[in-house]
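Hello,

Please find the structure below. My notes on its helix packing follow.

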Amino acid sequence: MNIPLALTIAGSDSSAGAGMQADLKTFEEYGVYGMVALTAIVTMNPDNSWAHDVTGIEPPLIEKQLKTILAGKKIDAMKTGMLANADMVKLVHKTITENNLKNVVIDPVMVCKGDDRVLNPENADAMRDLLLPVATVVTPNLFEAGILSGMGKLSNLEDMKKAAIEINKKGAANVVIKGGKALAGNEAADLFYDGANFEILTAPKITHTYNHGAGCTFAAAITAGLAAGLSVKNAVFKAKDFVTAAIKNGFAFNEFVGPVFHGAYRLCKTPV
Ligand code: PXL
């Protein structure tokens, strides 16, 4: 049995819907052996409306994790998640280029929910300059795509198309802009651009708000699909079904947050 290997360089979401927890659970669902280099630990404060607190891991310790992981069988795909400062972005760039890593999915995490920036603006500049040029696929949400493209607030599909072209020009071979339910209308729409053609991925909007981790799960599913040998386009389309099922089966964890359920695509009879 040839078991594909995938690496995530990401933070820990202690509530386990997003971050490396989402990545590893998703990799497992795809039959992919998941590995993680941890970049940060995110905790949430139930006494302060679930405010997020990010504690970074020192880059030398991230480097030691990467050295361990890259000392084995060659990984088939990788993704990045939360990179808590520009030094981490530089380390990731160096690791990708020095090891000639392929199937690189960059999830340019700048926010956790909505438009609340949790990470430093200098991160965004470093991600744009260092990680877009090495990305097989970049998966910004609307807010992140607005920043990476330099266009600011994006409100509709036309804006998303323009942003995708800009982000592609900055070096990302393929761009997936996660519009999700943030766009007006009845559909959760995402945009795929491969440098030549656009595809719009839609699913009926799910009305509940238990979608914490959807963005990470979508990017992780693309990564797992690539690790398993799918083309970029097929990996993106399968990932959309996978994440739609996960959102549909999201649940209330407490009064503040409802994560997606990463096992839904396999376990729920009519997941999509
Ligand atoms: O959803 C973005 C995200 C990514 N990574 C980690 C997180 C979050 C949001 O909570 O905690 C570790």
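**Helix contacts**

In helix 1, the residues Gly19, Ala22, Asp23, Thr26 and Phe27 meet Cys216, Thr217, Ala220, Ala221, Thr223 and Ala224 of helix 7. Contact here means heavy atoms within 4.5 Å, and helices (H or I, at least four residues) are DSSP runs numbered from the N terminus. Sorted by class, this contact has six nonpolar, four polar and one charged residues. Ala, Val, Leu, Ile, Met, Phe, Trp, Tyr, Cys and Pro count as nonpolar, Asp, Glu, Lys and Arg as charged, and the others, Gly among them, as polar.

This is a predicted model, in which local features need pLDDT of at least 70 and side-chain atom pairs count only at pLDDT 80 or more, while totals for chains, interfaces and linings use all residues. Residues are numbered from 1 along each chain as its sequence is written, and side-chain values use heavy atoms, with hydrogens and water left out.

The axes of helix 1 (residues 19-29) and helix 7 (residues 214-227) come within 9 Å and cross at roughly 40°. Axes are lines fitted to C-alpha atoms, for helices over the stretch in contact, and angles run from 0 to 180 degrees between N-to-C directions. Helix 1 and helix 7 are therefore oblique to each other; under 35 degrees counts as roughly parallel, over 145 as roughly antiparallel, 65 to 115 as roughly perpendicular and the rest as oblique.

For helix 5 (residues 142-149) and helix 6 (residues 157-169), the axes come within 9 Å and cross at roughly 50°. That makes helix 5 oblique to helix 6. Leu142, Ala145, Leu148 and Ser149 of helix 5 meet Met160, Ala163, Glu166 and Ile167 of helix 6.

Regards

Note on methods. Helices (H or I, at least four residues) and strands (E, at least two) are DSSP runs, numbered from the N terminus.
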